[in-house]
Amino acid sequence: MRDLHREFGGVVAVDGVSFAVPAGAIVGLIGPNGAGKSTVIGMIGGAIKPSSGSVLLDRREISGLAPHEIARRGLIRTFQLSAEFPRLTVMQNLLAGAPHHPGETLLGALVGKRMWGAYEAELIDRARELLERFRMADKEDAYAGDLSGGQRRLLEVMRALMARPRLLLLDEPTAGVHPSMIGELEGQLASLRDEGLTMVMVEHELGIVERLCKVVVVMSHGKVIAQGSLAAVRAEAQVREAYFAG
């Protein structure tokens with residue numbers, strides 16, 4: 001991210017934000033409410049167009065592309081509020097996250113399952129591997145709307161993984177999750193990081209940030225005010241003032 005700016009009706013929400021995301025790491029994006037964190041995530045993911053500045057993925061410019069075009073390049077995001085399809089089953093939600101399904105083309109619709117049946121069988125196998133990994137195999141046929149808040153968060157991460165992302169954006173992944181489920185979610189994110197998945201995570205729970213993120217970016221009033229380890233940025237007076245003085 002290079003010198004990202006975003007204004008809404010003359011109000012500056014993001015003012016010159018720049019930071020890099022090392023491969024295979026989780027970068028924590030933190031700061032008080034209203035700091036501009038979710039706006040930055042929106043600009044990276046394509047839902048919000050920058051007023052100026054650049055977002056580079058593998059040194060290629062992606063700012064200005066539509067969200068689905070960015071997703072096709074391997075950058076997938078989750079949202080503050082769970083965005084599952086409540087009246088579809090868990091399996092159907094996972095299959096919806098897989099890109100490039102030939103059954104979605106005109107030819108696929110005309111020819112039918114004999115064209116894309118093998119591909120869908122591979123997707124089902126992939127989905128079941130994720131369900132086993134996330135300890136939700138017994139929920140395959142459950143409606144997504146009947147899951148707990150924590151299970152919906154896990155489903156959202158699994159659905160993102162169905163697209164095999166190279167960069168995953170997590171916007172407050174523990175929001176609304178019961179404390180009994182937070183440890184499971186944190187453990188899964190740590191495991192994905194250790195397997196090489198690159199992530200950017202907005203998170204208010206600093207204990208989770210400290211355990212998962214070697215690099216932390218602190219924002220306040222639309223600007224980056226500190227970068228480094230959580231221990232290092234905590235020691236900076238500007239960061240303490242932002243948190244305790246708003």
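Modeller: Happy to, and keep in mind that this is a predicted model. Let's start with a term: a cavity is a set of grid points where a 1.4 Å probe fits but cannot get out, and its lining residues have an atom within 4 Å of a point. Here, the largest cavity is lined by Thr78, Arg153, Glu156, Val157, Leu170, Pro173 and Leu185.

Biologist: How many cavities of 30 Å³ or more does the structure hold?

Modeller: One. The space in the largest cavity comes to about 30 Å³.

Biologist: Which element gives the largest share of the lining of that cavity?

Modeller: That's α6, with three residues. Sorted by class, the cavity lining has four nonpolar residues, one polar and two charged.

Biologist: And how do I read a pocket?

Modeller: A pocket is an open set of points, whereas the probe in a cavity cannot get out. The largest pocket in this model has a volume of about 630 Å³. Its lining takes in 26 residues, and those nearest the centre are Ala71, Ile76, Arg77, Gly97 and Ala163. Two or more lining residues come from each of α2 (67–72), β7 (75–77) and α6 (149–162).

Biologist: Which of the elements supplies the largest share of the lining of the largest pocket?

Modeller: α2 does, with four residues.

Biologist: What about the second largest pocket, what is its volume?

Modeller: About 360 Å³. There are 16 residues around this second pocket, with Val21, Leu56, Leu57, Asp58 and Leu167 closest to its centre. The lining divides into eleven nonpolar residues, one polar and four charged.

Biologist: Now step back for me. How do I judge the chain as a whole?

Modeller: Begin with the parts list: ten helices and eleven strands. The chain's radius of gyration is 19 Å, close to the 18 Å from the globule rule for 246 residues, so the chain is as compact as a globular protein of that length. Along the principal axes, the C-alpha atoms fill a box of roughly 60 × 40 × 30 Å.

Biologist: What percentage of the residues in the chain is buried?

Modeller: Buried residues are 48% of the 246, where buried means under 20% relative accessible area.

Note on methods. Residues numbered from 1 in each chain as written. Predicted model: local features only at pLDDT ≥ 70, side-chain atom pairs only at ≥ 80, totals over all residues. Heavy atoms only, no water. 1 Å grid on protein atoms, 1.4 Å probe; cavity = no way out; pocket = protein on both sides within 12 Å on 5 of 7 lines; lining within 4 Å. Points joined across faces, edges and corners; volume = space filled by probe spheres on them. Nonpolar A, V, L, I, M, F, W, Y, C, P; charged D, E, K, R; others polar. Rg over C-alpha atoms; globule rule 2.2 N^0.38 Å. Buried < 20%, exposed > 50% of the residue type's maximum accessible area, 1.4 Å probe, protein only.
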